[in-house]
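The explanation begins with a term needed for the packing and then turns to the model itself.

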Amino acid sequence: MHPSLPTRATLLAVLFTVASAVQAAPEVPDPQAWAQLTPQQQNERRQALQRELATATPAERRVFQAQMRERLVELSPAERKALVGQTRQRWQSLSPEEKQQLTQQRRERILAMTPQERRQLLEQRRQMLSKLSPEERAALREKLPDR
């Protein structure tokens with residue numbers, strides 16, 4: 001065997017590492033099931049996922065993020081619209097204190113990210129926006145605050 005070629009054991013070790021990363025990544029929640037949770041349940045589940053991701057390897061986090069993107073991209077425009085409507089109704093039913101608390105938690109999560117994680121989040125959002133219909137993008141644009 002040529003010295004620069006990997007051995008069968010090395011290849012198996014690499015495959016095992018990749019497979020274990022895939023298996024150990026936290027389970028991606030179903031968007032429609034997630035929308036049925038109360039804001040408090042969503043917050044509890046989100047915190048549990050964050051704890052799992054905090055102890056996960058970078059490869060496991062990438063797997064989780066890729067699976068999350070796939071789940072969201074697989075939704076049809078009608079399904080996305082229904083989920084947005086449900087989320088909006090739940091948000092509007094929250095008290096001002098609850099809204100402020102959730103907003104602050106989101107701000108803290110963003111600030112706790114590394115610059116690389118923020119760039120990845122921005123890229124993910126851009127990719128998701130590119131898959132929206134022109135009408136969906138226009139509706140989102142209307143909701144943005146003036147700069």
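A crossing of two helices is called right-handed if the near helix is turned clockwise from the far one by less than a right angle, and left-handed if the turn is anticlockwise. In this predicted model, the crossing of α4 and α7 is right-handed, whereas that of α3 and α6 is left-handed.

Handedness is one part of the description, and two packed helices are described by the angle between their axes and the distance between the axes. For α4 and α7, the axes come within 11 Å and cross at roughly 20°. Angles under 35 degrees count as roughly parallel, and α4 is therefore roughly parallel to α7. The other pair consists of α3, which spans residues 39–55, and α6, and these two helices pack at an angle of about 15° with their axes 12 Å apart; α3 and α6 are therefore roughly parallel to each other as well.

The lining is made up of Pro 58, Arg 61, Arg 62, Gln 65, Thr 114, Gln 116, Glu 117 and Gln 120. Sorted by class, the lining of the second largest pocket holds one nonpolar, four polar and three charged residues.

The mean pLDDT of the protein chain is 80, with 83% of its residues reaching 70 or more. Confidence is lowest in helix α1 (residues 8–24), at a mean of 52, and highest in helix α6 (residues 96–112), at 88. Where pLDDT is low, the predicted coordinates should not be read in detail.

How values were computed:
Residues numbered from 1 in each chain as written. Predicted model: local features only at pLDDT ≥ 70, side-chain atom pairs only at ≥ 80, totals over all residues. Heavy atoms only, no water. pLDDT = per-residue confidence, 0-100. Helix = DSSP H or I, 4+ residues; strand = E, 2+ residues; numbered from the N terminus. 1 Å grid on protein atoms, 1.4 Å probe; cavity = no way out; pocket = protein on both sides within 12 Å on 5 of 7 lines; lining within 4 Å. Nonpolar A, V, L, I, M, F, W, Y, C, P; charged D, E, K, R; others polar. Axes fitted to C-alpha atoms, helices over the stretch in contact; angles between N-to-C directions. Parallel < 35°, antiparallel > 145°, perpendicular 65-115°, else oblique.
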